[in-house]
Structure formats: C-alpha cells, structure tokens
Amino acid sequence: MSPSARLAALPCGRRAKWVVLAFWLVLLIVAVPLAGKLTDAEDNEASSWLPGNAESTQVLNEQRAFFPVDIAQAVVVYQNDNGITPANKAEAVRDAAAFADAPHVRGPVVGPQVSADGKAMQTVVPVDIGTGGWKDLQPAVDSLRATAAENSDGMTTHVTGPAGVGADQAEAFAGIDSTLLFATITVVIVLLLLTYRSPVLWLLPLLSAGAALIVAEAVIYVLAAHAGLTVNAQSAGILIVLVLGAGTDYALLLTARYREELRRHEDRHEAMAFALHRAGPAILASSVTVVASMLCLLVAEMNSTRGLGPVCAIGVLVALGAMLTLLPAALVIVGRWVFWPVRPAYGTPEPTKTGRWAHIGAWIGRRPRKVWTGTALALAVCSLGLIALNATGLSTAGTFTGKPDSVVGQQVLAEHFPGGTGAPLTIVSTAASGERVRTVTTSTEGIAGATPVLAKNGQALFQATLTDPPDSQAAKDTVDRVRANVHALPEADAQVGGNTAVVLDAGRAAGNDNRVIIPLVLVVVLAVLAILLRAVVAPLVLIGTVVLSYTAALGISAFVFTHGFHFEGEDNAFPLFVFVFLVALGIDYNIFLMTRVREESLHRGTRAGAVAGLAATGGVITSAGLILAATFGVLGTLPIVGFAEIGFAVALGVLLDTLVVRSVLVTALTMDLDRHMWWPSPLSRRPTPTETGQPIGARGTAQPGSG
C-alpha cells in the first residue's frame with residue numbers, strides 16, 4: 001500500500017474512527033461558545049469596509065480629532081403638502097429640544113429649517129455611532145422616528161441622512177446569520193433527501209457540515225478578537241453559505257465514491273479507505289483552488305473585500321477537514337444500513353455504468369465537435385447580455401430591494417432642499433489654511449455653501465453642502481473638482497471626505513480590484529489544475545470553459561436584473577465577487593470530473609474514459625451543483641440588492657457550469673481532443689486501446705495505490 005493510501009485509510013480505521021469522532025466532539029465542546037460570539041466581533045464601521053489608503057478614509061480618521069466619538073448625521077424631515085403651519089413649526093421645535101436631550105445625541109441639534117417652498121422642514125441631529133457600527137444606529141434612529149411621528153399634526157415625517165440609511169441597513173442585515181443559516185439548512189435537507197432517497201443518510205453530511213461551520217466561526221472569532229482579522233456582516237453571512245454549500249459538495253462526492261466502492265469491497269473500512277484514496281485528491285485540489293482564490297482577495301484595496309478572503313479560506317479549510325475525517329469516520333461507524341432502502345451490497349453492479357449520464361456520454365461521443373461548438377456558441381450568445389451590465393455602484397435607493405423610510409425621506413429632502421443636504425462633504429486641512437480652503441471650496445461649481453471653520457490642534461475642519469443628490473454622478477464630479485482645487489493650495493494638506501467621497505473612492509478601489517484580482521485568480525487556478533492533472537492543455541481548456549460560463553452567467557444576470565427585477569444597476573464589487581465564487585467553485589466540478597476521467601483514461605483511453613468518468617460522476621456532481629446553487633440562492637432572501645444579485649448570479653453560474661459546461665462542453669472537448677488533452681504528460685503519448693488492438697473493457701477492481 002502506498003503512503004498516500006495509508007494516509008487515506010487513517011480516519012476510517014477500526015479503532016481510529018472512534019478517535020476521530022471523539023476529537024471532533026471535544027473540538028465542538030470548545031468551539032460552540034466561541035462561535036456564538038462571532039457576531040459581537042463583527043466590525044461594521046465605515047472604515048472596515050473602505051479602501052484603507054483612500055482620501056475619504058483618511059478624513060474619517062482625522063475628523064476624530066474634532067469629534068471624540070464617531071458621529072452620523074440624522075436628518076429628520078417633516079412634510080406638509082398644504083404648507084408648514086405655525087403649529088407644525090412649534091411641534092418641530094419641541095421635537096428638536098427632545099432630540100437634544102436624547103442619550104445617543106452628541107453635539108448641537110440644528111433646525112428646524114423651513115424649505116424655500118414652505119412645504120417641508122428639516123432638523124439635523126448628530127447621532128453617536130458608538131462602537132458597534134450601524135447596529136448601534138438602529139435603536140437611536142428608531143427613537144428619533146418615534147419622537148417625530150408622535151404629534152406630527154398632519155405632517156409626514158421621515159429620518160434620513162447617513163444615520164437613517166445606516167439604521168435601515170442594520171435592520172436589513174438584522175438576523176442575517178440566523179436567516180441564512182435556517183434557510184440554507186432547509187434547502188440542504190430537502191435536496192439531500194431527494195439526492196439520497198434515504199430517510200437517514202442525509203443527516204451525516206449535514207451534521208458534518210454543521211460541525212465545520214461551528215468550528216470555522218470559532219476560529220474566525222478568535223482571530224478577529226486577538227489577531228486583528230476583520231469580520232463584518234457581509235463576510236459572516238457569506239461564510240455560512242460557503243461552508244454549508246462547499247462542505248455538502250465534498251460530502252456528496254465522497255459518499256458517492258464510498259457507495260461505489262462498497263459494491264466492490266466486502267469490508268466497509270477497506271471500501272472507505274479506497275474511496276478516500278481516489279476521491280480525496282479531487283476534494284483536496286478543489287478546496288485548495290477555492291482557498292487560493294479566496295486568499296487572492298488579500299491584495300484588494302477595499303477592506304471589506306480583503307477581509308472576506310481569509311474568512312472564506314478558513315471556512316473552506318475547516319469544511320475540508322470535516323469531510324475528510326469526521327464524515328468518513330461517521331459513515332464507517334454506522335455501516336451500510338445508513339443507505340437504506342437502497343443498500344449497496346457487495347458484488348452488485350454499479351448502476352451508473354448504464355444510467356442516464358452514460359447515455360448522455362455516448363450521445364456526445366457520436367458527434368463531440370458539433371456538440372462543443374454548438375454549446376460554446378450558445379454560451380457566447382448569452383454573454384452578449386454583458387452589454388446591459390452596469391456595475392458602477394448603487395445609489396442609496398438602489399441599495400434596498402424595498403423602499404425603507406430613509407429612502408423616502410431622501411426623496412422628500414431632494415424635492416424641497418438642495419440635493420446634498422444631510423450628507424455634506426467634510427474637508428480637513430492645516431489650521432493656517434482653513435479659511436483659504438473654505439473659500440476655494442465654496443467657489444467651486446456644485447457647492448451650495450459651507451459651515452464655519454473649526455480649528456483644533458493645528459488642524460481645520462468644515463463641511464460643505466452639495467447642490468446635487470449625494471449619490472449622483474454630478475455630486476461625484478463635484479468631489480473631483482473640489483479635490484483638484486484644494487489640493488492645488490500650497491501647504492494646505494487638504495483632504496476631502498464625506499459620504500459622496502466615500503462612494504467615489506469605493507467605486508474606484510473596486511475597479512482596481514477587478515483589474516488586479518481577476519487575472520491573479522486565473523493564474524492561481526491554472527497552476528493548481530496543471531499540478532493536479534499533470535498537463536497544460538487540459539487546464540487551459542478548463543479555464544476557458546469556466547470563464548465562458550462566467551460571462552454567460554453575468555450576461556443573463558445583467559439582462560434579468562434590468563428587465564426582470566428592474567434593479568438600477570450592480571454594485572462595484574459585483575463582477576469580482578461573482579467571478580471569484582464561480583471560478584473557484586465552478587472549477588470544482590471540472591476537477592471532480594477530470595480527475596475521474598484521467599483515472600479511467602489510464603485503463604480505457606481518453607474518449608472511453610470521458611464517457612466512464614461522466615457516467616460515474618454525473619449524478620453526484622449534478623446533485624452537488626443543485627445544492628450549491630440553492631444555498632447561494634438563499635442570499636436572494638435578504639432585502640439588500642447587492643446580496644440578491646450575487647446570490648442570483650452565482651446560483652445561475654453554478655447551474656450553467658454543472659448542467660451545461662461540465663456535463664456537455666468539457667466532455668465533448670475531451671472527446672474531440674482525445675489523448676492530446678493530457679499534453680505534455682506521458683498519457684498524451686499513450687495510444688488508445690483501439691489503436692493497439694486492445695478491447696475497451698471494464699476496469700478490473702484495483703487496489704489502493706494502483707494507477
């Protein structure tokens with residue numbers, strides 16, 4: 001037995017299986033209380049999402065010298081279509097006094113200010129964000145809304161501004177972990193029941209994936225609390241979907257191979273050892289590909305993107321460990337009966353050899369070139385939808401799938417006040433240059449006015465109101481003009497921040513991340529495939545098919561978002577996130593297929609090996625794809641457009657990759673290229689059995705370590 005075969009046999013030994021189970025039970029006892037603290041370790045402050053070296057981020061840091069706590073402006077808007085009455089004004093004055101006495105308010109309350117048309121009022125309230133990011137905003141803003149609405153006397157009231165938007169975002173993300181967890185578990189249970197058609201077997205993959213999630217959350221909590229790892233609501237939510245989805249995929253592949261080997265081996269321990277030896281490298285290569293792709297995110301400028309990389313990488317590594325140790329031990333402990341009512345008895349024929357996928361492989365084999373050219377052309381046509389892709393960022397209103405109070409308030413505010421009211425620019429400079437910087441700023445096109453200059457510890461700060469809505473392109477152009485003007489002042493060291501500047505800097509950083517990380521991920525995945533398959537042609541072909549699958553998924557998604565869901569566009573990071581998940585996860589299925597095809601090709605030749613590999617893996621890979629697509633589709637249940645778009649596009653891409661690219665396109669290309677697929681490995685120079693006059697027959701039962 002080879003060293004790799006002996007290593008594969010460790011988790012399923014007659015005594016070792018109990019050691020593995022005991023180890024995981026102890027690990028879970030330690031991990032459960034730590035995993036429960038992960039939410040408390042989340043950092044949802046603005047700086048944890050923004051590019052660290054951006055000018056707007058520097059302003060956020062420097063303004064702390066003027067404000068001892070992080071402040072977000074809440075704008076309370078009152079509207080009366082019949083005109084603001086004296087009683088309305090008196091009520092707003094009383095509200096302002098109540099706002100000033102609220103425990104979460106820091107600094108002077110400004111207003112109420114009546115609009116020029118006399119139909120609206122606004123009061124600006126500085127709210128202490130606290131240490132919990134937007135989570136601390138929600139109760140504060142809820143209190144403001146209740147106070148404003150209590151005696152509104154014919155007026156409609158809203159709370160908007162950065163604080164109002166942040167509170168509505170917090171509400172949208174409230175319970176995200178539990179929502180995603182329960183929804184994902186439900187989806188996984190249903191699909192596992194349909195896949196296994198067993199009332200018991202589904203429990204073992206699900207419990208193993210659940211154990212992996214708990215341990216991963218515990219590890220991430222420890223690193224976040226003690227090693228500076230940044231975790232936010234976005235990365236914590238995606239972690240749940242990724243671990244349960246990828247973990248279940250690995251479980252399906254291993255369980256399918258184990259069931260196959262149970263028909264060849266009377267001893268279930270021997271069957272699992274062989275299954276691990278054969279399926280283990282594919283699962284390992286798959287997880288390494290995902291981990292390597294996720295770690296590529298560490299070069300991102302956006303802090304939120306950079307933090308997502310190690311969080312997801314840790315989750316996948318823990319899932320890998322659980323599926324290669326805990327699951328095999330559990331399956332061997334319970335025995336063959338867990339497959340009831342269709343137990344794989346020793347010596348019975350393997351049904352996949354004559355099943356649906358074997359027939360599909362035979363059909364493709366009759367005309368492989370026509371099949372792959374037609375499939376590639378269809379995917380290319382789907383990719384034309386990229387013309388509709390508008391990944392330039394979302395406005396405040398476009399962020400939500402619904403229309404929360406802050407969005408309505410912003411629209412009312414824009415109707416009656418200058419567009420940038422409630423979300424001003426913040427400009428910092430040296431104290432000696434403060435007035436000069438203010439003069440230059442107010443004379444810039446697109447600026448309606450500015451507050452007096454505050455000076456402290458050699459620095460100056462003031463805020464400027466935009467004439468255009470803060471999330472509009474016109475407002476972003478104004479930021480560029482202001483920056484150009486104030487940067488030109490000698491020795492002023494002026495910097496421009498604020499909400500509009502944040503959106504502008506985030507969009508540019510996301511664009512840079514797309515240009516750097518996407519090619520980097522392709523190179524990393526190509527290297528992993530070349531090592532695994534010991535070839536050059538096959539990795540290039542597989543990468544090409546996955547990229548085509550990605551562009552087709554993006555094209556269809558962009559069309560649906562525009563004409564079906566009527567979203568205004570896509571988030572700046574949307575192409576990158578979808579690419580990383582689709583390439584990293586989509587290549588999984590190609591790895592699962594091609595490692596089996598290579599194994600079969602050693603005995604049958606490449607064309608027959610492709611048919612045998614598709615027949616053996618088609619069912620399990622399809623089931624895995626359906627589960628992974630459904631788990632990512634759960635993201636669409638959140639009322640945040642960015643999450644809904646990522647969930648839809650990744651789910652669609654996984655389905656395309658599973659049902660079309662892997663099963664049809666890759667199989668047809670492999671048959672057409674034949675042994676040249678494996679160039680320059682020795683397998684590419686080995687003649688097929690038909691060329692040497694040998695029959696193409698069924699593989700004999702091999703022992704671990706053969707081939």
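Predicted model: local features only at pLDDT ≥ 70, side-chain atom pairs only at ≥ 80, totals over all residues.
Local features here need pLDDT of at least 70 and side-chain atom pairs count only at pLDDT 80 or more, while totals for chains, interfaces and linings use all residues. Residues are numbered from 1 along each chain as its sequence is written, and side-chain values use heavy atoms, with hydrogens and water left out.

I start with helix H2, residues 16-35. Helices are DSSP runs of H or I, at least four residues, and strands are runs of E, at least two, numbered from the N terminus. At 1.5 Å a residue, the 20 residues of H2 should span 28 Å, and the end C-alpha atoms are 27 Å apart, which agrees; the expected span is 1.5 Å times one less than the number of residues. Buried residues in H2 include Trp 24 and Leu 28, where buried means under 20% relative accessible area with a 1.4 Å probe, protein chains only. The buried residues of H2 pack against helices H3 (38-41), H9 (203-226), H11 (268-295) and H12 (303-334).

Next, Thr 426, in strand S5, residues 425-430. Is Thr 426 buried or exposed? Thr 426 counts as buried because its relative accessibility is 5%. Beyond four places in sequence, its contacts (heavy atoms within 4.5 Å) include Val 59, Gln 63 and Gly 497.

Last, the cores: sets of buried Ala, Val, Leu, Ile, Met, Phe, Trp, Tyr and Cys residues joined through side-chain atoms within 4.5 Å. The largest has 159 residues, and Met 294 is among those with the most contacts inside it. A second, separate core of 24 residues includes Val 76 and Met 121.

Terms used:
Buried < 20%, exposed > 50% of the residue type's maximum accessible area, 1.4 Å probe, protein only.
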